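Here's a quick briefing to read alongside the model. Have the viewer open as you go.

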Amino acid sequence: MIYFFISDHHFSEYGGPDGELGASLRYLSQRFTMPLPELKATLTDIGTEELNHLEMIGAIVYQLTKDLTEDEIKKQGFEDYFVDHTTGVYPQSAGGSPYTTASMQVKGDPITDLHENMAAEQKARSTYDNILRFCDDYDVKDAIRFLREREVVHYQRFGENLRLMTDKLDEKNFYAFNPSFDKKCFKNCMKKK
């Protein structure tokens, strides 16, 4: 059986530091300070998709843990979690730390935030890679492979957005200001192109 593995490690993708909950909140929060409509749209789309991924992970965990017996709970080392949450789907890391927004970043600088997002997608992909190394349930593996592929696509979209953002800036001022905050400078740099 893989109940403990799924419940414990999949919770990391549900509410861990590199999980789907943090990704959706990060992207939907960062969109407000993006100076270009194309960037806002990407963050809205991917942030919404991450909420769908959160639902998928939650459904997997629920389906694999809903019928656990007391013996299975003990055998799989699931009793500490069970005491606090029974078999409810609770956002936490694989190590048992509850979800916290301290693990996500919203800087308000589009260049910084886009780099953060690319790194976040790579970390999530790595977590899915690690889950695939240990998972022996083919139905679960198919869903995890799909989610892993989406992390790769998101990484590429954020890279495209970073390129779009930096192409709109004056090369000499690439890191001289925050385009979402210093709007006058951003507009002047765009006029020079």
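Predicted model: local features only at pLDDT ≥ 70, side-chain atom pairs only at ≥ 80, totals over all residues.

The chain has eight helices and zero strands, and 45% of its 193 residues count as buried.

**Overall fold**
- Going along the sequence, you get the pattern α-α-α-α-α-α-α-α.
- If you take contacts between residues at least 6 apart in sequence, 71% of them join residues at least 24 apart.

**Helix 2 against helix 3**
- Helix 2 (residues 20-30) and helix 3 (residues 37-65) have axes that come within 8 Å and cross at roughly 160 degrees.
- Angles over 145 degrees count as roughly antiparallel, so helix 2 is roughly antiparallel to helix 3.
- The crossing of these two helices is left-handed.
- On the helix 2 side, the residues making the contact include Leu-21, Ser-24, Tyr-27 and Leu-28; on the helix 3 side, they include Leu-43, Gly-47, Leu-51 and Ile-57.
- By type, the contact residues of this pair split into nine nonpolar, six polar and two charged.

**Nonpolar cores**
- The largest nonpolar core holds 22 residues, and Ile-57, Tyr-128, Val-140 and Ile-144 have the most contacts inside it.
- Helix 1 (3-15), helix 3, helix 6 (110-134) and helix 7 (138-167) are the elements that each give this core two or more residues.
- Helix 3 is the top contributor to that core, with five residues.
- Another core lies apart from it, with 15 residues that include Ala-23, Leu-43, Met-118 and Leu-162.

Notes
Residues numbered from 1 in each chain as written. Heavy atoms only, no water. Axes fitted to C-alpha atoms, helices over the stretch in contact; angles between N-to-C directions. Helix = DSSP H or I, 4+ residues; strand = E, 2+ residues; numbered from the N terminus. Parallel < 35°, antiparallel > 145°, perpendicular 65-115°, else oblique. Left-handed = near helix turned anticlockwise from the far one by under 90°. Contact = heavy atoms within 4.5 Å. Nonpolar A, V, L, I, M, F, W, Y, C, P; charged D, E, K, R; others polar. Core = buried A, V, L, I, M, F, W, Y, C linked by side-chain atoms within 4.5 Å. Buried < 20%, exposed > 50% of the residue type's maximum accessible area, 1.4 Å probe, protein only.
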